[in-house]
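Morning, everyone. Please have a look at the sequence and the model on the screen.

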Amino acid sequence: DIVCTAIPENLLESELFGYEAGAFTDARTRKVGLFELAERGTLFLDEIGDLSFNIQTKLLRAVEKKVIKRLGGVVDIPVNARIISATNRDLESMVERNLFRRDLFHRLNVVSIEIPPLRERGEDIILLANHFIDEFNQQFDKSVKKLDKDLQHLLMGHPWQGNVRELRNAMERVEIVLRSQARR
């Protein structure tokens, strides 16, 4: 699992493909990349819509040819890993505007699952909120009860622009506030 936006481009390349000793100043030993480590498994690339064209090109080669080359390497290394990717961007629109490689898009878009925003998923909001309450009850050793009908209605009417992350953060905030009030 790698969040493509969390790592600078030069580090992302070495994380995905690895590097050979001497490839750059601090590369004293060989590093195996995530593609090799995921051999016969799955590599999850989150926020793939934010990849640079340089990384997109190298990723396309890995997906299409099933080979990688470590940074500083001269030998093609065969890889066999399933790629699952996620993004909150409209990749089709990015392809049309030349912001995402069309060939990579079609290679990755074998099966597409579109998940509607949280605000459109009604009862899922309540299920997730209760799940987070249970999670934070354990983490903070609390016993916050399930949501009453008024609060459920309020949560279901909120736009949740940050989707599940925003909901999780809101439930954590409730637990922390209740925890600090209990200490007084």
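Predicted model: local features only at pLDDT ≥ 70, side-chain atom pairs only at ≥ 80, totals over all residues.

Our helix is α3, residues 53-65. Let's check its length. It has 13 residues, and at 1.5 Å a residue they should span 18 Å. The end C-alpha atoms are 18 Å apart, so that agrees.

Now, which residues of α3 are buried? They are Ile55, Gln56, Leu59, Leu60, Ala62 and Val63. They cover an arc of only 165 degrees around the axis, so they sit on the same side of α3. Here is the general rule. An α-helix has 3.6 residues a turn, so residues three or four places apart point the same way.

What covers the buried residues of α3? The cover includes helices α1, α2 and α5, along with strands β2, β3 and β5.

Take α1, residues 9-17. The axes of α1 and α3 come within 10 Å and cross at roughly 10 degrees. Angles under 35 degrees count as roughly parallel, so α1 and α3 are roughly parallel to each other. From α1, the contact uses Glu9, Leu12, Glu13, Leu16 and Phe17. From α3, it uses Asn54, Ile55, Lys58, Leu59 and Ala62. That contact divides into 6 nonpolar, 1 polar and 3 charged residues.

Just after α3 comes lysine 66, with a positive phi of about 60 degrees.

Last stop: asparagine 130, in helix α6. Buried or exposed? Its relative accessibility is 15%, so asparagine 130 counts as buried. Leaving aside neighbours within four places in sequence, asparagine 130 is in contact with Lys146 and Leu147.

Key:
Residues numbered from 1 in each chain as written. Heavy atoms only, no water. Axes fitted to C-alpha atoms, helices over the stretch in contact; angles between N-to-C directions. Helix = DSSP H or I, 4+ residues; strand = E, 2+ residues; numbered from the N terminus. Parallel < 35°, antiparallel > 145°, perpendicular 65-115°, else oblique. Contact = heavy atoms within 4.5 Å. Nonpolar A, V, L, I, M, F, W, Y, C, P; charged D, E, K, R; others polar. Expected span 1.5 Å × (residues − 1). Buried < 20%, exposed > 50% of the residue type's maximum accessible area, 1.4 Å probe, protein only. Arc of directions from axis to C-beta.
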